Amino acid sequence: MKKLGFLSFGFWQPHVAGVQSAKESYEQSVDLAVEAEKMGMDGAWYRVHHFAKQSASPFPLLSAIGQRTSKIEIGTAIIDMRYENPYMMAENAGITDILTQNRIQLGVGRGAPEQVQDGWKYFGYDFSEEEIKEIARERTLEFLKLVKGPHFAEPNPQPMFPQAPGLLSLEPYSEGLSQRIWWGAGSQSTAIWAAKMGMNLQSSTLVTYESKEPFHIQQANQLRAYKEAWKEAGHNFEPRTLVTRSILPITNDLERRILVGSEQSQDEVGYLAHHQNPTIFGRTYVGEPEDLVKDLQEDEAIREADTVLLTIPSTLGVEFNAHMLETIVKDMAPDLGWR
């Protein structure tokens with residue numbers, strides 16, 4: 001494990017203790033990234049969901065974090081490409097990467113089931129669930145091509161402003177961004193596809209149930225298949241691989257009261273909407289730091305990945321989450337191979 005970051009869904013819950021509004025959620029998202037950078041963490045990453053009281057439309061948030069920090073990677077895990085226009089997204093990504101001094105790491109993918117039926121239709125895309133699966137991949141490849149800065153657009157023969165001859169490209173172009181695009185894969189086949197297409201790999205706390213082995217072994221096999229496919233593809237840069245984990249160390253009575261009993265102590269198998277194949281959900285790690293380290297040292301996917309993201313209970317606020325992350329950074333991560 002070379003890098004360690006956190007992943008926030010940015011939840012808010014009106015009329016409930018904790019983060020109660022979008023304003024609080026977004027402000028605390030920025031504040032937690034600042035605290036994470038101070039303690040030496042490598043990344044602040046955010047989930048993107050639509051029609052829900054949680055993080056969406058990520059580029060303003062990523063830009064705001066970039067203005068308050070100077071080193072930490074700022075990422076998404078993931079942007080749902082069923083909702084995106086790749087041309088507009090390429091412009092937004094380029095601007096944001098420049099404003100954050102080239103620290104953007106963009107995770108993209110097909111996305112999980114959303115809060116509304118066929119939500120992308122409200123964004124102007126009238127496709128069925130079956131059609132949108134392939135369209136999401138097509139949009140991803142179009143976006144990946146665009147952030148490489150190709151010249152493709154026919155110039156106006158009577159332009160408003162002077163310009164050089166030849167085809168035009170989207171602006172602004174941010175050098176190196178194309179090597180910081182990640183595909184969120186749920187299966188070995190999608191991981192292999194991502195490698196062939198030249199994207200880094202994200203794998204979350206759930207993957208397609210492809211064998212009867214434990215979650216972490218199935219996920220590790222996915223990462224190994226990706227790395228082998230990358231070698232065969234012969235790309236000209238080294239890829240990165242990322243896994244997420246729910247790790248909640250207990251060091252005081254408050255954490256014990258809040259966290260004990262909330263965990264999913266074993267891997268679980270179930271079905272997601274519109275998925276024909278079953279999915280295996282990785283366990284949640286809750287307990288004393290030294291006990292968790294022993295369990296996590298046996299996790300093959302953590303050993304296989306170069307980056308680990310820690311999912312956080314964002315509704316519990318900055319102070320609670322900063323303390324929890326600091327416990328992991330100081331008391332656990334070094335024993336798991338970080339730095």
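Biologist: Which helix gives the largest share of the lining of the second largest cavity?

Modeller: This is a predicted model, in which local features need pLDDT of at least 70 and side-chain atom pairs count only at pLDDT 80 or more, whereas totals for chains, interfaces and linings use all residues. Residues are numbered from 1 along each chain as its sequence is written, and side-chain values use heavy atoms, with hydrogens and water left out. A cavity is a set of points, on a 1 Å grid over the protein atoms alone, where a 1.4 Å probe fits but cannot get out, and its lining residues have an atom within 4 Å of a point, while helices (H or I, at least four residues) and strands (E, at least two) are DSSP runs numbered from the N terminus. The largest share of this lining, three residues, comes from α3.

Biologist: How many charged residues does the lining of the second largest cavity have?

Modeller: Ala, Val, Leu, Ile, Met, Phe, Trp, Tyr, Cys and Pro count as nonpolar, Asp, Glu, Lys and Arg as charged, and the others, Gly among them, as polar. Sorted in this way, the lining of the second largest cavity has seven nonpolar and three polar residues, and its charged residues number two.

Biologist: What is the omega of the peptide bond from Glu171 to Pro172?

Modeller: The peptide bond that joins Glu171 to Pro172 is cis, and its omega is near 0°.

Biologist: Which element gives the most to the lining of the largest cavity?

Modeller: The largest cavity contains about 110 Å³ of space. Of the 15 residues that line it, the closest to its centre are Ser8, Ser25, Gln28, Ser29 and Ser314. The lining divides into seven nonpolar, eight polar and no charged residues, and at least two residues come from each of β1, α1 and α10. The element that gives the most, with four residues, is α1.

Biologist: Against which elements do the buried residues of α1 pack?

Modeller: Buried means under 20% relative accessible area, exposed over 50% and partly exposed in between, with a 1.4 Å probe and protein chains only. In α1 the buried residues are Ser25, Ser29, Val30, Leu32, Ala33, Val34, Ala36 and Glu37. With contact taken as heavy atoms within 4.5 Å, these buried residues pack against β1, β2 (43-46), α2 (59-68) and α10 (317-331).

Biologist: Why does the pair of Trp12 and Tyr26 count as tilted?

Modeller: Rings of Phe, Tyr and Trp (its six-membered ring) pair if their centres lie within 6.5 Å, and planes under 30 degrees apart count as stacked, over 60 as edge-to-face and the rest as tilted. The structure holds 12 aromatic pairs, one of them the stacked pair of Phe9 and Phe11, at 5.5 Å centre to centre and 10° between the planes. The rings of Trp12 and Tyr26 have their centres 6.3 Å apart, and the pair is tilted because the planes stand at 50°.

Biologist: How many residues apart in sequence are the parts that the pair of Trp12 and Tyr26 ties together?

Modeller: Trp12 is buried, with a relative accessible area of 15%, whereas Tyr26 is partly exposed at 27%. Because Trp12 lies in the loop between β1 (3-8) and α1 (22-38) and Tyr26 in helix α1, the pair ties together parts whose separation in sequence, in residues, is 14.

Biologist: Is His15 buried or exposed?

Modeller: His15 lies in the loop between β1 and α1, and it has a positive phi of about 65° although it is not a glycine. Its relative accessibility is 80%, so His15 counts as exposed.

Biologist: What span does α4 reach from its first C-alpha to its last?

Modeller: The buried residues of α4 include Ile132, Ile135, Phe143 and Leu146. The expected span of a helix is 1.5 Å times one less than its number of residues. For the 18 residues of α4 (129-146) the expected value is 26 Å, and close to this is the span reached, 25 Å.

How values were computed: On a 1 Å grid over the protein atoms alone, a cavity is a set of points where a 1.4 Å probe fits but cannot get out, and a pocket is an open set with protein on both sides within 12 Å along at least five of seven lines; lining residues have an atom within 4 Å of a point. Grid points are joined across faces, edges and corners, and a volume is the space filled by probe spheres set on the points.
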